[in-house]
Amino acid sequence: MNKKPEWLAHFPELNFPSYPFRLEKREGNVFIFDSFRKKMVRLTPEEWVRQHAAFYLVESFGYPAGVMSTEAPAKMKGKNFRTDLLVYNAQAQPALLVECKAPSVKITQAVFDQAAAYNYHFHLPYFFLTNGFDHYCCRVDAELKQYHFLETLPDYKSL
């Protein structure tokens with residue numbers, strides 16, 4: 001049994017399958033190889049969740065890695081923000097927003113409302129909110145302005 005290095009103590013086991021991430025410690029910081037952006041990025045608790053969520057989409061639901069955009073810039077109500085993951089469907093249209101929070105962030109109504117507001121900005125049919133422990137996936141009915149909670153994420157073909 002491999003013991004987890006002390007420098008990974010701030011990155012808990014999450015409610016996702018385990019993935020073979022490439023991790024490095026450099027100058028007091030931990031880095032993870034982001035296979036979607038093809039580079040090493042500084043590992044933060046939120047990035048830890050984002051990497052797991054991205055692999056989860058690919059490995060468990062058949063999403064092609066090339067249809068995901070990480071940290072796509074957007075503007076809402078005059079403020080700049082970046083999406084955690086934006087997933088495009090087979091018609092190259094944005095279809096799923098993934099909002100990732102650090103494991104220490106509880107998914108409260110306010111946190112859900114923030115993710116819903118981001119999703120509303122893009123007018124997407126699906127959004128997924130996770131802190132690595134709790135996951136919420138919704139199908140959005142824009143016409144009726146309702147969210148329908150799903151038991152699981154849709155597979156890629158359903159987007």
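This is a predicted model: local features need pLDDT of at least 70, side-chain atom pairs count only at pLDDT 80 or more; totals for chains, interfaces and linings use all residues.

Q: How do I read a sheet, and what is the order of the open sheet of three strands?
A: Strands of a sheet pair through backbone hydrogen bonds, either parallel or antiparallel. Strands (E, at least two residues) and helices (H or I, at least four) are DSSP runs, numbered from the N terminus. Two strands pair if DSSP finds at least two bridges between them. Here the open sheet has the order E1-E2-E3, with antiparallel pairing.

Q: Which strands stand at the edges?
A: Strands E1 (23-26) and E3 (39-42) do. Each has a single partner strand, so one side of each is left without a neighbour in the sheet. Neighbouring strands of this sheet are turned by 35° against each other on average, direction ignored. For such angles, axes are lines fitted to C-alpha atoms, for helices over the stretch in contact; angles run from 0 to 180 degrees between N-to-C directions.

Q: How many bridges join E1 to E2?
A: Four bridges link E1 to E2 (residues 29-34), and the two run antiparallel. Leu23 stands opposite Ile32 in E2.

Q: Which helix lies across E1, E2 and E3?
A: Helix H1 (residues 45-61) does, running at about 20° to E2. Contact means heavy atoms within 4.5 Å.

Q: What does burial look like along a strand, taking E9 as the case?
A: Buried means under 20% relative accessible area, exposed over 50%, partly exposed in between (1.4 Å probe, protein chains only). In E9 (residues 126-130), five of the five residues are buried, so the strand is largely enclosed by the rest of the structure. Tyr126, Phe128 and Thr130 point one way from E9, while Phe127 and Leu129 point the other way.

Q: How do E8 and E9 run, parallel or antiparallel?
A: They run parallel, joined by five bridges. The bridge partner of Leu97 in E9 is Phe127.

Q: And E10 and E11, parallel or antiparallel?
A: Antiparallel, again by bridges, five of them. Cys137 stands opposite Leu150 in E11. Four residues lie between the strands of this hairpin.

Q: Where does a positive phi occur on a residue that is not a glycine?
A: Ala92 has a positive phi of about 65°. Ala92 lies in the loop between E7 (85-88) and E8 (94-100). At 54% relative accessibility, Ala92 is exposed. Lys145 also has a positive phi, of about 55°. Lys145 lies in the loop between E10 (135-141) and E11 (146-150). Its relative accessibility is 67%, which counts as exposed.

Q: How is a pocket read, and what is the volume of the second largest pocket?
A: On a 1 Å grid over the protein atoms alone, a pocket is an open set of points where a 1.4 Å probe fits, with protein on both sides within 12 Å along at least five of seven lines; lining residues have an atom within 4 Å of a point. Grid points are joined across faces, edges and corners, and a volume is the space filled by probe spheres set on the points. The second largest pocket has a volume of about 180 Å³.

Q: Which residues line the second largest pocket?
A: Among them are Tyr120, His123, Pro125, Asp141, Lys145 and Tyr147. Helix H2 (109-122), E10 and E11 each supply at least two lining residues.

Q: Thr70 and Pro154: buried or exposed?
A: Thr70 is buried, with a relative accessible area of 16%. Thr70 lies in E4 (residues 68-70). Beyond four places in sequence, Thr70 touches residues including Asp34, Arg50 and Asp84. Pro154 is buried too, at 9% relative accessibility. Pro154 sits in the segment after E11. Beyond four places in sequence, Pro154 touches Phe61, Tyr63, Tyr126, Cys137 and Leu159.

Terms used
Residues are numbered from 1 along each chain as its sequence is written. Side-chain values use heavy atoms; hydrogens and water are left out.
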